[in-house]
Amino acid sequence: MKPDQHLRPGLALLCGLLVFSASAGTPAAPDPPRRGGTLRLAEPTDLRSLDPAIAYDSESTPLVHLLFRGLLEYDDGVNLVPGQAKDWNISADGKTYTFHLRRDARFSNGRAVEADDYVFAFERVLNPAAASPGQGFFTGIEGAADFVAGKAAHVSGLRAPDRQTLVIQLAKPQFTFQYVLAMTFAVAVPRDVVQRYGKDFQYHLAGSGPYRLTEWRRGVRWHFARNAYYTGPDGYVDAVDIRVGVDDVTGAMMLERNEVDRVLAGPPQAVHFARDRRLRWWLTRVPTVSTDYLFMNVEMPPFDNVLVRRAVNDAVDKSRLPRLSGGFASAACGIVPPAMAWTNASLPRYDYDPAKARALLREAGFPNGFKTTLSYMGDNPILARLAEDIQQDLQQVGIEAALRPVNSAAFDEEVSSRHRVPFGVWGWFQDYPDPSDFLDVLFNGRYLTDTDCNNTSFYNNPAVNGLLDQAMAGLSAPDRQRLFQQAETQIMQDAPWVPLIHEVLPVLYHPRVHGTRPHPVWLWRFEWMWLDPDYSNELSK
Amino acid sequence: MDAVAIDIRARETTPAPPAPAPGLAAALWRHRLVRAGGGIVILFTLLALAAPLLTRWHVLHEPIRQDLSGLDADGMPRPPGGAYLLGTDSLGRDVLSRVIYGTRVSLAVGTAAMLTATVIGLAIGLLSGFYGGKLDLGLMRFTDINLSVPAVLLAIAFAGLMDGKTLHLHPAWLHWPFLDVQLKRGIVSIFLIIGLVCWPGMVRVIRAQVLSLKEREFIQASRALGASDARLIFRHLLPNVLPTVIVLAAMTTANTILLEAGLGYLGIGVPPPAPTWGSMIADGQPYFITAPMIVIVPGVAVVLTVLAFNLLGQGLQEVLDPNRTR
């Protein structure tokens, strides 16, 4: 998943496994968890939409998960468990998925969830008219290509033999498809409601999740209340209220005044809280499963020369980056984040060595360095700061990189278009807990397209493609791990990226909120949070 | 006939502009608003000019050099004191050095934009007032249209066009690369943008003055003597509107500097890492509680400079227009 304007300091989609609370006198939580109350959240800018076919950013998807539910879910770790599917099985050849739905699952308008609603939901995401960012996740279904091309009215690989049975036929085995089914793109949507409202469905959302949307005043407020028809494990709070237009500085002050319950802070606010004896345990540090990186377009000179790319790798001093990020980052050595329980001992090392970088540039035919343009998303302070820091390092070895801040919408379109951006700073956050989400999605040359290409380096190495294809076919876990490690090593030798940092999110919670342990994939499970009604906010007195 | 004509031409005189030419410098110096405004402007100009020397003599830090010693153990900016008189910013850069180097950008962009706006405003005002008729009608409606759109919004729209794309000022089939202009953000494009949105305010004042001047006897006499339009405009009208233009220019500089800071704050000014006051305020905003000097210092610099140019403009107006009393 690409970062967007929501991925400011303290905003990211998916997080890591570990949570460190700077605990100094954290009050004991009442036991058992209490029901009731309203969880008050704050957002700096409005969410684009909570339509599950559209929402694809850090803050939206956990909220979509409150309103909608799908076939599979994660437990409190990274294991998949049945959601609104009673059970499921995968055929021996890995191509056919059969799901039996729960009979008691209902949408918030009271209608029962049927298998046909899933067929409709998947076709809706695949339909080019919906312009869903999730379309690519479903193209492995048999007949999806014909449907997308307009050659077929329905996807032949999606069938609903009866109201409670859904059969999905893949064109070829795809190990990661089970994770796709746990994404918010794969939730059930009521066919009748969507057909009635069309594109205005986002204002009349009806899902089968534990909450329903009761109010959306664009740019002002969102409000969720309990879904009376929901039959799964209930959420603790009665309502979730989101105030829009609260930036991190204002949010931190409102938190102290007990006006909001959670703020995604920037490093300055986080350090301010960490240094205050009374406030330090309000801060949570969440390592993300993400990698921010410097990409070099291998189809554009001078980055078509591997020596230049290695020189850039040697020229960047990554050890400084965590401190420049206020301590809310760890330096990256490889592509796949360690938070994905991933290690690769065979990775080539690129230690900060300006002399070696200059020698490589001489060998590449650039004894005096060269001039280039370094593009980055100007409205993302983390990426902007990385770009300014890297520019200084590159200057030391003779590479004059003019900084080019671009707004988030234009940047996304530019970097994913062929022959447009030679050099830039960007980031990737996990969609699902598998290394293929980084290696196969971002580096398999078979997926290269002229536009909307996730492979911003336009890297294409047939040897790497072969390794990734083998790994994706569904081998045993150790074999997949070995193949992915080989692929990552080869990619780093070809050096289309300089991996920079893995972000750590500073999140501030009011002490009346409990159950804040982040989820390794969902990041926030608001339905698992609960409020202590007896807590008195001494600071606000 | 010739002799008579020459004789009359010799007596053709241009009345002195209202400004008291002799002793002007003394009059300016005596005026406290000019002294206060001019003093601040001169101080900032001297600082801007001396900044590279001060860096070479190690009085100032490098303004764009990031240094981990400029950050504390938590990676936060250092407070004022020690090696950093006004503290550091979020990347460990010296705030004092950046605000002084920011003066160079602000004054250069502000002055160049003022000159651009003045040339455009003066040209349109003179032509419109002098020729009148349909030209006046067309130019004034064009001015009205420009006045009806807020300058900030227009500047943001223009700045949005500076996205690095190349503008081909020729038909595609000609392949004339010398007519290709790359639209990218930099000092030149920013001062042009600001200059192009700040001229309408000048036009009405200049046009009104030209309308009054062109009915005066000396203009009528020159016209009767056969003076060309160009001569009337450049020899007679321009010197007489100049005092007004100088006052307007000083006040416009305050606006252009403010607009430059505004664009920098919005992230569409001169691109980083060049220090500009606006971008410093924007970068420092999240640190307002932990390191307020990052925001306060460039903020004070903006206020002082804008105030100085406004004081200067007000003072100049009073000195150059003796008929006007406060």
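I began with two helices of chain B, and found that H10(B) passes H11(B) in a right-handed crossing. This is a predicted model, so I keep in mind that everything here is computed. H10 covers residues 229–265 and H11 covers residues 277–284 of chain B. Their axes lie 6 Å apart, and the packing angle is about 35 degrees.

Next I listed who makes that contact. From H10(B) I noted Glu260(B), Ala261(B), Gly262(B), Leu263(B), Gly264(B) and Tyr265(B). H11(B) brings in Trp277(B), Gly278(B), Ser279(B), Ile281(B) and Ala282(B). Sorted by class, I get six nonpolar, four polar and one charged residues.

Then I moved to chain A and looked up Gly235(A), which sits in the loop between strand E10 (221–226) and strand E11 (239–244). Is Gly235(A) buried or exposed? I put it down as buried, because 24 C-beta neighbours fall inside 10 Å and the cut-off for buried is 20 or more. Leaving out residues up to four places away in sequence, Gly235(A) touches Pro210(A), Tyr211(A) and Glu527(A). I also checked Gly36(A): it is 199 residues from Gly235(A) along the chain, and their C-alpha atoms are 9.2 Å apart.

Last entry, the nonpolar core. The largest one has 225 residues. Among those with the most contacts inside it, I wrote down Phe122(A), Leu508(A) and Ile194(B). I followed up Leu508(A): its contacts, again without residues up to four places away in sequence, include Ala252(A), Leu255(A), Phe273(A) and Trp282(A). Arg262(A) is also one of the residues that Leu508(A) touches.

Notes:
Residues numbered from 1 in each chain as written. Chains lettered and ligands numbered in written order. Predicted model: local features only at pLDDT ≥ 70, side-chain atom pairs only at ≥ 80, totals over all residues. Helix = DSSP H or I, 4+ residues; strand = E, 2+ residues; numbered from the N terminus. Buried ≥ 20, exposed ≤ 12 C-beta atoms within 10 Å, placed from the backbone. Contact = placed C-beta atoms within 7 Å. Core = buried A, V, L, I, M, F, W, Y, C linked by C-beta atoms within 7 Å. Axes fitted to C-alpha atoms, helices over the stretch in contact; angles between N-to-C directions. Left-handed = near helix turned anticlockwise from the far one by under 90°. Nonpolar A, V, L, I, M, F, W, Y, C, P; charged D, E, K, R; others polar.
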